[in-house]
Amino acid sequence: AVAAAMRLGAFLSALRPALPLLLGLSLGCSLSLLRASWSHSAAEERCLAPGPPAPPARGAPPEAAEGRPGPGHEDFRPRIVPYYRDPNKPYKKVLRTRYIQTELGFHERLFVAVLTSKATLNTLAVAVNKTVAHHFPRLLYFTGLRSAKVPHGMVLVAHGDERPIWLMYETMNYIHQHFGSDYDWFYIMQDDTYAQAEQVKALVTHLSINQDVYLGRAEEFIGGDEQARYCHGGFGYLLSRSLLLKLHPHLDSCRNEILSVRPDEWLGRCIIDFLGITCVSQLQGQHYHTYELAKNTEPEKEEEEEFQAALAVHPVSDVTLMYRLHKQFSRIQLDRVYQEIQDLQMQIRNLTALTPAGEAGVTWPVGINAPFLPKSRFEVISWDYFTEQHLFSCPDGSPKCELSGASKADVSEIIESAVEQLNRRYQPVLRFSKRQLLNGYRRFDPTRGMEYTLDLLLEAATQKGHSHVLAKRVSLVRPLSKVEIIPMPYVTEATRVQLVLPLTVQDLDFVANFLDMFAMNTLDTHDNALLTLLFIYHPYDAQRVGQVDVFAGVKAMVGELEKRYAEVKIPWISVKTEVPSQVKLMDIVSKKHPVDTLFFLASVWTEINMEFLNRCRMNTISNWQVFFPVHFQEFNPALVYRGEQTASSNTDFLRDGHFDRHSFAEACFYNSDYMTARTKLAADILDRDEVLESMEVFDVFLHYSGLHLFRAVEPGLVQKYTLRSCNPRLSEELYHRCVLSNLEGLASRSHLAMALFEQEQANST
């Protein structure tokens with residue numbers, strides 16, 4: 001018995017830590033069983049209750065009466081749509097849209113239409129275009145003139161009828177037809193209206209697009225219904241996409257049945273009669289503030305809250321008043337922004353004081369990201385030294401160059417800003433003026449912007465007229481502003497690429513490898529690319545072509561390719577010249593191809609691949625941009641590996657080499673763009689063809705076209721090492737560039753140093 005009691009005590013002592021868990025589990029199970037029994041009994045009572053079922057509430061849909069969600073809730077419940085493919089139908093490749101925004105059916109937010117006339121097209125309409133047009137994503141001008149001369153920088157739609165009602169009717173039809181499916185909001189204004197573009201854009205971001213919106217300055221109809229309102233056209237009005245879609249079928253009826261003198265009244269009556277929607281000045285908590293200008297108004301003296309809060313101001317009688325309004329509202333907006341910045345900085349200081357770091361955690365300037373902290377010496381951002389006349393970190397690698405252009409303007413502005421900030425802080429006690437910039441340093445920090453450190457020699461003057469010269473160090477930051485996406489035309493990867501390969505006698509040893517790579521990466525993969533060979537004969541070789549053709553082997557290789565790929569034809573062009581100028585050769589090729597041809601000017605050392613060809617298509621835009629890739633040049637393996645086995649693993653890709661920035665042999669451009677630039681070049685040089693020998697295609701686009709020249713490193717273009725032959729008949733600059741490319745392509749500095757060290761060691765022994 002004693003032993004049993006001891007065993008029971010040991011068991012209970014071991015079980016004691018688990019007693020709360022066991023009690024909790026048993027209690028939970030008991031409560032769940034009781035709840036289940038109650039629910040079951042209540043369900044039985046409902047099922048067994050006598051009498052007919054209770055009718056659903058008035059207005060409730062039958063689904064809601066049965067316990068299922070109504071139609072209004074279907075959009076918020078996830079549904080799995082099963083995929084089914086008919087096995088009897090052939091498989092069709094699904095073409096995806098280029099942008100996810102298009103596939104999801106998103107719309108642009110705001111479209112703006114400005115109604116103008118013959119009398120104001122070149123005055124007020126131009127003023128609107130110069131003040132607010134660049135703030136709106138899309139803005140068009142509508143007029144009733146026939147064949148009106150369009151001012152520079154404006155997109156004008158001429159309807160050919162100056163009757164006001166007809167102009168409004170045609171404008172609404174045009175907007176629906178061309179932009180009704182692309183935008184959520186449509187803002188219509190007159191050219192004698194000044195609109196605060198940023199305020200209008202902010203307004204539409206706070207409105208729901210699911211409602212029919214007719215928003216503006218509500219006005220009563222003359223002699224009409226007291227409840228009906230139309231939006232005054234002089235102050236602009238906002239229409240939602242849903243309202244425009246519903247209104248369009250009734251526009252013809254409105255034109256025939258509604259008589260009115262004012263186009264805004266006609267549109268308001270049309271919306272009220274056929275849609276039952278009246279104009280409102282307030283919607284969803286948002287107010288459409290307006291301000292009516294009196295005669296001889298001075299915008300600079302207007303201090304009323306109604307004026308400062310106005311989204312639209314009317315009437316603007318002349319161009320000067322439009323510009324004065326824009327200046328005043330820009331000043332008001334700037335003051336608001338500065339005040340918001342100060343408030344945010346104060347909040348940041350107050351909140352940072354509560355953090356573990358305390359006040360020491362506040363970065364300078366307040367609200368700007370902290371400077372980048374490098375994790376190793378390779379991540380340290382270097383400072384560039386400058387003075388008021390010279391820069392000691394030059395783009396071409398030289399140790400010293402003259403400060404000019406944008407860099408000079410940047411230095412002048414930053415010095416002026418530094419002195420201004422000092423005077424703002426110490427006035428009226430001290431007044432500073434710059435004597436000299438002693439030292440200047442700047443660097444670009446990608447996390448915050450451009451940083452400056454200036455050592456200034458200043459003359460400080462007191463209120464009593466005493467002056468003293470002192471040196472003071474100041475630090476400034478030009479922070480990165482809001483990132484802006486540059487609009488680019490739409491391009492696809494389906495464009496055919498026409499490769500052009502110039503060949504000389506010195507290139508014969510590398511042609512076989514080029515053709516093999518071209519066949520493997522384009523012909524075998526059925527890429528949309530063609531090849532044209534350009535045989536460059538020396539005059540001596542051209543005379544002997546009947547007996548000995550130096551390019552006979554290449555032509556035989558081309559014949560073998562055409563036999564292997566029956567659908568492929570590789571044409572060639574023969575040229576006789578002593579100086580193979582790139583521009584002269586391109587002139588010959590350009591005349592033999594259509595104007596919409598996309599050229600890729602290649603070199604014999606280029607290894608063609610699909611990845612690069614797609615980038616060539618995407619980076620080259622007709623009448624907009626040309627692409628000059630910087631290929632990766634491998635170093636001389638004899639100097640890099642010095643007899644060791646060449647590394648071939650994927651991890652060593654792009655390791656032993658460099659991007660050759662001296663070479664402009666590869667280029668992607670459209671024939672139409674080249675022909676346009678070449679025409680301007682011909683008019684400039686007249687008949688001096690010798691000038692072409694000192695130019696490359698890059699120079700033609702750089703100096704004689706207004707296109708974007710996109711030059712970037714291209715990891716898809718890798719060239720094996722080879723010693724290029726530099727033609728001394730070319731210009732001095734081209735020859736020098738070729739020599740530099742050969743020298744820098746030998747090896748890196750460390751490899752060259754090791755080779756010299758081993759050579760000295762061998763000589764010493």
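Colleague: What pattern do the disulfides of the protein follow, with bonded cysteines counted along the chain?

Modeller: Keep in mind that this is a predicted model. A search through the whole structure turns up 5 disulfides. Count the bonded cysteines along the chain, and the pattern comes out as 1-4, 2-3, 5-6, 7-8, 9-10.

Colleague: Okay, take Cys 231 and Cys 279. Is their disulfide right-handed or left-handed?

Modeller: The sulfur atoms of Cys 231 and Cys 279 sit 2.0 Å apart, and the two form a disulfide. This link joins distant parts of the chain, with Cys 231 in strand S8 and Cys 279 in the loop between helix H10 and strand S10. The torsion about their S-S bond is about 95 degrees, so the disulfide is right-handed.

Colleague: And Cys 394 with Cys 401: which hand does that link have?

Modeller: Cys 394 and Cys 401 form a disulfide too, with 2.3 Å between their sulfur atoms. Cys 394 and Cys 401 are both buried. The angle about the S-S bond is -110 degrees, and the link is left-handed.

Colleague: How many residues apart in sequence are the parts that Cys 616 and Cys 668 tie together?

Modeller: These two cysteines, Cys 616 and Cys 668, form a disulfide with sulfur atoms 2.2 Å apart. Cys 616 belongs to helix H18 and Cys 668 to strand S26, so the parts tied together are separated in sequence by 52 residues.

Colleague: Is Cys 668 buried or exposed?

Modeller: The cut-off for buried is under 20% relative accessible area. Cys 668 has 0% relative accessibility, so Cys 668 counts as buried.

How values were computed: Residues are numbered from 1 along each chain as its sequence is written. This is a predicted model: local features need pLDDT of at least 70, side-chain atom pairs count only at pLDDT 80 or more; totals for chains, interfaces and linings use all residues. Side-chain values use heavy atoms; hydrogens and water are left out. A disulfide is a pair of cysteine sulfur atoms within 2.5 Å. Helices (H or I, at least four residues) and strands (E, at least two) are DSSP runs, numbered from the N terminus. Buried means under 20% relative accessible area, exposed over 50%, partly exposed in between (1.4 Å probe, protein chains only).
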